[in-house]
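Here are my notes on the model you sent. They are meant to be read alongside the sequence and the coordinates.

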Amino acid sequence: MALMPSLYQDPPDWDFRDADTKEGTHVVHSYPAMMIPQVARHLIARLRRLNPESRTLLDPFCGAGTVLVEAARQGLSAFGNDLNPLALAIAAARTTPIDETVLADGLDRLKRVLVPEALSTWDGAIPTFRGRDFWFKREVSRALAWIRDEVRRQLTDPAMRQLAEVAFSETVRLVSNTRNSEFKLYRMPDAKLAAFSPDVIRVFHRILVRYAEGVRAFNPSLRQAATPPAIVKGDSRLLAGIPDRHFDLMVTSPPYGDSRTTVAYGQFSRLSLEWLGYPAEEARTVDRRLLGGRLQPHAEAKPVPSQAVLDGTAAIGSQDARRAREVESFYRDLDAMMESLAPKLRPGALAAWVVANRTVKQVVLPTNVIIAELATRHGFALVEDLTRNIPSKRMPRANSPTNVPGQKGATMTEEHLVVLRYDGA
Ligand SMILES: C[S@@+](CC[C@H](N)C(=O)[O-])C[C@H]1O[C@@H](n2cnc3c(N)ncnc32)[C@H](O)[C@@H]1O
């Protein structure tokens with residue numbers, strides 16, 4: 001039985017202060033600025049009560065797949081889109097049920113094969129990529145290369161291998177010389193690095209066992225969807241390859257701004273992508289390809305059709321013209337995304353955006369208002385705008401205006417849940 005929306009009455013508030021955000025497959029891999037599962041779950045249920053015939057859901061910025069997991073568990077046919085290949089791998093691992101025997105067999109095999117004695121006699125090749133020896137100690141690289149080879153050799157079931165590769169990716173992150181508390185790539189201070197000697201095999205096993213428990217817990221509910229979520233790599237400004245007039249619901253959390261000055265999804269993913277064997281060009285250019293990643297030349301730039309953007313960029317521009325253009329480029333991209341989104345939705349579809357309002361040069365950019373303003377030009381009408389406090393989400397609660405690690409600036413403590421109805425072109 002699918003988890004019915006009636007199971008999820010509206011919460012007393014949307015803060016979910018003490019909620020377990022790592023339930024089931026939501027434990028699989030960290031990712032910057034994730035939506036919390038409880039918001040995804042209750043928001044989907046709320047939209048389904050408003051549109052009871054809903055069967056299909058799109059998340060055009062699916063990231064690690066929080067929305068897709070919760071949509072599948074409520075029996076919806078879900079579609080996810082993102083440009084970051086690591087996000088797609090995580091989303092796929094979180095949404096795929098795995099047979100109990102396959103899970104047990106996979107864990108057992110790796111437990112037997114991945115032991116220190118086997119590593120000591122291994123003489124395979126260690127992949128090379130730029131910066132490898134800066135970000136990884138030599139012995140760590142050796143262990144990683146060996147684990148990657150064994151995962152690919154031992155595991156034939158595609159879903160189990162996918163889960164293990166994602167566990168490998170999280171291992172890469174934890175055993176690297178980076179400061180794990182930051183999403184951007186910063187190296188540990190020398191004194192800490194000198195004493196850093198991670199037990200790579202143990203870290204990998206610990207992570208994989210935790211993920212397997214998450215899959216076991218969500219196996220029955222993930223099987224509720226008639227079809228498993230489809231997850232595609234694509235630019236949300238185009239949404240190519242996504243069926244037209246197909247979706248009853250959209251639930252998403254777009255980025256807060258460009259990756260350089262807000263959340264660096266590409267930097268977060270780069271080392272994992274290099275180790276997973278993605279081409280260097282792809283592994284290193286994610287941030288530039290995301291929303292707001294490229295500053296449009298003045299000549300091409302039309303004003304963004306939102307009074308709130310015009311007001312915000314005028315106030316920022318009086319202090320820093322380039323920052324104003326960066327902000328404008330981001331919202332112009334968001335407008336392009338909405339233009340591509342509209343034809344994907346059925347008339348009457350509900351589209352929910354979970355957004356936070358960032359501050360640039362002491363100017364608050366009201367993304368909730370901007371979304372509603374932009375959307376009205378593409379055939380949407382505002383249904384509601386709910387507010388939640390952010391007690392626990394891993395995001396730049398205190399961001400760094402100068403992009404200097406450790407220096408904190410303005411804070412984001414609230415999110416808006418903006419619900420729009422698509423009334424047709
Ligand atoms: C706030 S995160 C989404 C997090 C997601 N809701 C979750 O819970 O994991 C925003 C996502 O937008 C993606 N993104 C940014 N620009 C994009 C674009 N032009 N096309 C597709 N995805 C994009 C980023 O890669 C990132 O994964």
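How many bridges join strand 1 to strand 4?

1. Two bridges do so, and strand 1 and strand 4 (residues 247–252) run parallel. Bear in mind throughout that this is a predicted model. In strand 4, L58 has M250 as its bridge partner.

2. Strand 1 also pairs with strand 2, again in the parallel sense, over four bridges. Here the bridge partner of L58 is F79 of strand 2. Between strand 1 and strand 2 the chain passes through helix 2, and this β-α-β crossover is right-handed.

3. The side chains of strand 1 (residues 56–59) are worth a look. In a regular strand, side chains alternate between the two faces of the sheet. T56 and L58 point one way, L57 and D59 the other way, and all of them are buried. Note that this includes D59.

4. Next, the ligand. It is surrounded by 23 residues, and the closest are F61, G63, A64, T66 and L290. By type, the shell divides into 14 nonpolar, six polar and three charged residues. Helix 2 (66–73) and strand 2 (77–82) each supply at least two residues of this shell. Helix 2 is also the helix of the crossover described in point 2.

5. On the chain as a whole, the secondary structure comes to 16 helices and nine strands. The radius of gyration is 22 Å, close to the 22 Å that the globule rule gives for 425 residues, so the chain is as compact as a globular protein of that length. Its C-alpha atoms fill a box of roughly 65 × 55 × 40 Å along the principal axes.

6. Of the 425 residues, 48% count as buried. Among contacts between residues at least 6 apart in sequence, 78% join residues at least 24 apart.

7. F16, which is not a glycine, has a positive phi near 50°. F16 sits in the segment before helix 1 (37–50). Is F16 buried or exposed? F16 is buried, because 21 other C-beta atoms lie within 10 Å, and the cut-off for buried is 20 or more.

8. K361 lies in the loop between strand 6 (359–360) and strand 7 (363–364). With 17 other C-beta atoms within 10 Å, K361 is partly exposed.

Methods:
Residues numbered from 1 in each chain as written. Predicted model: local features only at pLDDT ≥ 70, side-chain atom pairs only at ≥ 80, totals over all residues. Near = placed C-beta within 6 Å. Nonpolar A, V, L, I, M, F, W, Y, C, P; charged D, E, K, R; others polar. Rg over C-alpha atoms; globule rule 2.2 N^0.38 Å. Buried ≥ 20, exposed ≤ 12 C-beta atoms within 10 Å, placed from the backbone. Contact = placed C-beta atoms within 7 Å. Pairing = 2+ DSSP bridges. Right-handed = clockwise from strand over helix to strand, strands pointing away.
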